[in-house]
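Keep the 3D view open while reading.

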Amino acid sequence: MKTYSAKELIACRVAGEMRDGDVVNLGIGLPTLVSNYLPEGINITLQSENGFVGLAPVGSEVDPDLVNAGGKPSGIFPGGATFDSFMSFALIRGGHVDVTVLGGLQVDQDGNLANWMIPGKMVPGMGGAMDLVAGAKKVIVAMEHTAKDGAAKILKTCSLPLTGKGVVSLIVTELAVIKVTSDGLLLEEISPFTTVEEVVAKTEAKLIISDHVGVMKGLEQLEK
Amino acid sequence: MSKVISQEELAALFEDKVSVMMGGFMGVGAPAALVRILVEQGVKDLTLITSDTATPDTGVGPLIVNRQVKKIIASHIGTNPETGRQMIAGETEVELVPQGTLAERIRAGGAGLGGILTPTGLGTVVEEGKEKLLVNGKEYLLELPLRADIALLKAYKADKAGNLVYRQSARNFNPIMALAADLVIVEVEEVVEVGEIKPDEVMTPGILVDKVVCCGRIS
């Protein structure tokens, strides 16, 4: 069987969560790859929190006034719209963004997310992340299952400062798809390259394991 | 009466210790020529309110590198290592505010509101020391208005009455900051006669703008 990088698997599986017509905000880094794997017939509108909808790949000419939320040159599709930061965050906080996809440093079994600082090491600021997790209808955390040193990132309780409390809807890693429910973390799917035992071993949080854990859906998009 | 002034007249408007709001997101829509004038003029101990501190050589970055700022209120400083260095060394005070909350606090300051209620930051360090209110059974943080002595903004085009038009994603914080400062100074690439910008095209009404400085396109 062909193998894929963790980033490819995660981005592809997250793309499968999109519904036709969704307004989506993709965080910087891995989440931006999601739009590469959208299934046929699924069209989404990307929101960029610096002030527009209709985010597109950068065209042949770079416009210095048009950048994405990472400050990188960007494009805008016909039918897009530009606005100020007040409108941008009214869209985000007011529930007009259907899905936000963010990276994570830690997620815990209460749906808490930590992804904006490591005390004493990295204090870049939260940017728009706290507004996104507070306001988007669905919050998907797209991250590698464990840290580079192998430490668990899906925990009983986050130890790092939180970005949002009880805000996460779904966790997608290269190993598993985990839904945050009122009863706890529900293991819904695992990658074809792992086992339930491996997922449990690499997860500190308690996982609810149904009798029929599925195989990660939508990975056929990787072949396209 | 024309609001257009020269770059030379501008320098006399700045003093030490004033609070300054500055438009821009990662330097885009930031008044780069006004920053250059401030660096040359050397005002110090500024309080800066801005989305982010861009990079050392873009947006507000040069002001920070030149150590003219004593306090920064922003949502993101990670792309300008000098801001983080000054913060950790205790040389510059940094207050981090979620970006949407920053926008609303500035809007409140300019719109005559006593504050705003937001769910953003609940259950995080952002809520520390702040009042929480229950509205219709839902919890919110009370965030207080922000104003400044001076707003330094960037627009694409102005007419001589100060009506403004922005381009693409360069609008960001500029329109709300135009409401929230005692003196509003706008850097533009082009100045046109009154009437050339149609009323329906105006993005920030000229009554909010005190001074316009034409600096051309800074790349």
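Two strands count as paired if DSSP finds at least two bridges between them. Strands themselves are DSSP runs of E, at least two residues long, numbered from the N terminus. The model is a predicted one.

Start with the sheet of 3 strands in chain A. The order is β7-β6-β9 (chain A), the sheet is open, and the pairing is mixed. Its edge strands are β7, residues 113-114, and β9, residues 154-155, of chain A. Each of these pairs on one side only. Strand β6 of chain A covers residues 106-108 and runs parallel to β9(A), with 2 bridges joining them. Look for Val107(A): the residue opposite it in β9(A) is Ile154(A). In general, strands of a sheet pair through backbone hydrogen bonds, and they do so either parallel or antiparallel.

Next comes the sheet of 10 strands, also in chain A. This sheet is open as well, and its pairing is mixed. Read the order as β4-β3-β2-β1-β5-β8-β10-β11-β12-β13 (chain A). Which strands stand at the edges? They are β4 (75-82) and β13 (207-215) of chain A. Each has a single partner strand, so one side of each is left without a neighbour in the sheet. From one strand to the next, the twist averages 25°.

Now follow some of the pairings within this sheet. Strand β2 of chain A, residues 45-48, is antiparallel to strand β3 of chain A, residues 52-56. They are joined by 2 bridges. Gln47(A) sits opposite Val53(A) in β3(A).

Move along to the hairpins. Strand β10 of chain A (residues 170-172) and strand β11 of chain A (residues 176-181) run antiparallel and share 3 bridges. The two form a hairpin with 3 residues between them. Here Leu170(A) faces Lys179(A) in β11(A) as its opposite residue. β11(A) then pairs with strand β12 of chain A, residues 184-190, again in the antiparallel sense. This pairing has 6 bridges. β11(A) and β12(A) also form a hairpin, with 2 residues between the strands. Ala176(A) has Ile190(A) as its bridge partner in β12(A).

Where does helix α2(A) lie relative to the strands? It lies across β1 (23-26), β2 and β3 of chain A. Its direction is at about 125° to β2(A).

The axes of α2 (residues 85-93) of chain A and α5 (residues 99-111) of chain B come within 9 Å. They cross at roughly 125°. The crossing is left-handed. On the α2(A) side, the residues in contact are Ser85(A), Phe86(A), Phe89(A) and Arg93(A). They meet Gln99(B), Gly100(B), Thr101(B), Ala103(B), Glu104(B) and Arg107(B) in α5(B). By class, this contact has 3 nonpolar, 4 polar and 3 charged residues.

Step back to the whole interface. The size of an interface is often given as the accessible area lost when the parts come together. Chain B and chain A bury about 2800 Å² between them. Of this, 61% is on carbon and sulfur atoms. The contact takes 37 residues from chain B and 34 residues from chain A. Which residues of chain B lose the most area to chain A? They are Phe25(B), Gln168(B) and Ser169(B), together 19% of what that side buries.

Finish with strand pairing inside chain B. Strand β6 of chain B (residues 116-118) pairs antiparallel with strand β8 of chain B (residues 138-143), over 3 bridges. Thr118(B) has Leu141(B) as its bridge partner in β8(B). Strand β7 of chain B, residues 132-135, is also antiparallel to β8(B), joined by 4 bridges. Val135(B) stands opposite Lys138(B). The hairpin of β7(B) and β8(B) has 2 residues between the strands. In this hairpin, Asn136(B) takes a positive phi near 50°.

Technical notes. Residues are numbered from 1 along each chain as its sequence is written. Chains are lettered from A and ligands numbered from 1 in the order in which they are written. This is a predicted model: local features need pLDDT of at least 70, side-chain atom pairs count only at pLDDT 80 or more; totals for chains, interfaces and linings use all residues. Side-chain values use heavy atoms; hydrogens and water are left out. Axes are lines fitted to C-alpha atoms, for helices over the stretch in contact, and angles run from 0 to 180 degrees between N-to-C directions. A crossing is left-handed if the near helix is turned anticlockwise from the far one by less than a right angle, and right-handed if clockwise. Contact means heavy atoms within 4.5 Å. Ala, Val, Leu, Ile, Met, Phe, Trp, Tyr, Cys and Pro count as nonpolar, Asp, Glu, Lys and Arg as charged, and the others, Gly among them, as polar. Buried area is the accessible area (1.4 Å probe) that two parts lose on being put together, summed over both.
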